[in-house]
Amino acid sequence: MQLRIVLLFLILFPNILHADEGLNLSCMNMLSAFGKKYEPLNYKLEATGFHYFDKKQKKFTIIPSKELEFGEDRFTVKFPKYELGFQRIVYAGDTEPTITMSKYDYKNNKFLDHYECTSEKTYID
């Protein structure tokens with residue numbers, strides 16, 4: 001009898017579990033609000049790392065989570081020449097937070113672009 005319960009549990013258990021959640025981020029350059037055409041930048045943040053498409057290598061790349069910097073309402077992804085800083089902020093008059101991203105250039109010591117991101121929770125495959 002106990003063996004049947006264990007077998008039933010093992011059969012049903014994988015079907016009722018969900019994996020950890022990840023976050024799909026789609027970021028649009030804020031200058032697009034002034035009529036300029038920009039393609040959205042798409043990223044994925046999971047417990048294991050930050051996923052992005054490397055245009056030079058023409059493949060998806062993962063930066064492990066241990067190489068990211070995390071704060072209370074932010075995280076930073078560092079590349080050799082620049083960094084992407086993501087933060088959750090609430091604009092004046094809004095009640096819901098918005099995720100923004102800023103691209104910071106190390107060489108010139110300045111911010112290059114600012115983005116507003118939409119996010120969608122997703123289960124990790």
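Start with glutamate 69: its bridge partner is threonine 76 in β6. This is a predicted model, and in it β5 and β6 pair antiparallel over two bridges. Three residues carry the chain from β5 to β6, making a hairpin.

## The overall layout

Stepping back, the protein chain has one helix and nine strands.

Of the 125 residues, 27% are buried. The chain exposes about 9800 Å², and carbon and sulfur atoms supply 56% of that.

Leucine 68 belongs to the loop between β4 (59–64) and β5 (69–70).

What does it touch, once neighbours within four places in sequence are set aside? Leucine 68 is in contact with Leu45, Phe50, Ile63, Thr76 and Val77. There is also a C-alpha separation of 7.1 Å between leucine 68 and lysine 78, which are ten residues apart along the chain.

Valine 77 has a contact list of its own: beyond four places in sequence, valine 77 touches Phe50, Ile63, Leu68, Tyr82, Glu83, Leu84 and Phe86.

Nonpolar side chains in soluble globular proteins tend to be buried together. Here the largest nonpolar core has 17 residues, and the ones with the most contacts inside it are Cys27, Tyr43, Phe50, Val77, Phe86 and Met101. The elements giving two or more residues to this core are β1 (21–29), β2 (41–45), β3 (49–54), β6 (74–78), β7 (82–89), β8 (98–105) and β9 (110–123).

A search of the whole structure turns up twelve aromatic pairs. One of them is phenylalanine 79 with tyrosine 82: the ring centres are 4.9 Å apart and the planes at 25 degrees, so this pair counts as stacked. Phenylalanine 79 is buried at 12% relative accessible area, whereas tyrosine 82, at 26%, is partly exposed.

Tyrosine 104 and tyrosine 106 make an edge-to-face pair, because their planes sit at 75 degrees, with ring centres 6.3 Å apart. Tyrosine 104 counts as buried at 18% relative accessibility, while tyrosine 106 is partly exposed at 32%. As for clusters, Tyr43, Phe50, Tyr52, Phe70, Phe75, Phe79, Tyr82 and Phe86 form one.

## Histidine 51 in β3

Over in strand β3 you'll find histidine 51. With a relative accessible area of 18%, histidine 51 is under the 20% cut-off, so it counts as buried. Which side chain does the histidine 51 side chain make a polar contact with? That partner is glutamate 46, at 3.2 Å.

Glutamate 46 also turns up in the contact list of histidine 51, which, leaving out residues up to four places away in sequence, comprises Tyr43, Lys44, Glu46, Thr61 and Ile62.

Definitions and conventions. Residues are numbered from 1 along each chain as its sequence is written. This is a predicted model: local features need pLDDT of at least 70, side-chain atom pairs count only at pLDDT 80 or more; totals for chains, interfaces and linings use all residues. Side-chain values use heavy atoms; hydrogens and water are left out. Helices (H or I, at least four residues) and strands (E, at least two) are DSSP runs, numbered from the N terminus. Buried means under 20% relative accessible area, exposed over 50%, partly exposed in between (1.4 Å probe, protein chains only). Accessible areas come from the Shrake-Rupley method with a 1.4 Å probe; for residues, only the protein chains shown count as cover. Contact means heavy atoms within 4.5 Å. A nonpolar core is a set of buried Ala, Val, Leu, Ile, Met, Phe, Trp, Tyr and Cys residues joined through side-chain atoms within 4.5 Å. A polar contact is a pair of N or O atoms within 3.5 Å; within protein, one must be able to donate a hydrogen and the other to accept it, and residues adjacent in sequence count only if both atoms are side-chain atoms. Two strands pair if DSSP finds at least two bridges between them. Rings of Phe, Tyr and Trp (its six-membered ring) pair if their centres lie within 6.5 Å; planes under 30 degrees apart count as stacked, over 60 as edge-to-face and the rest as tilted.
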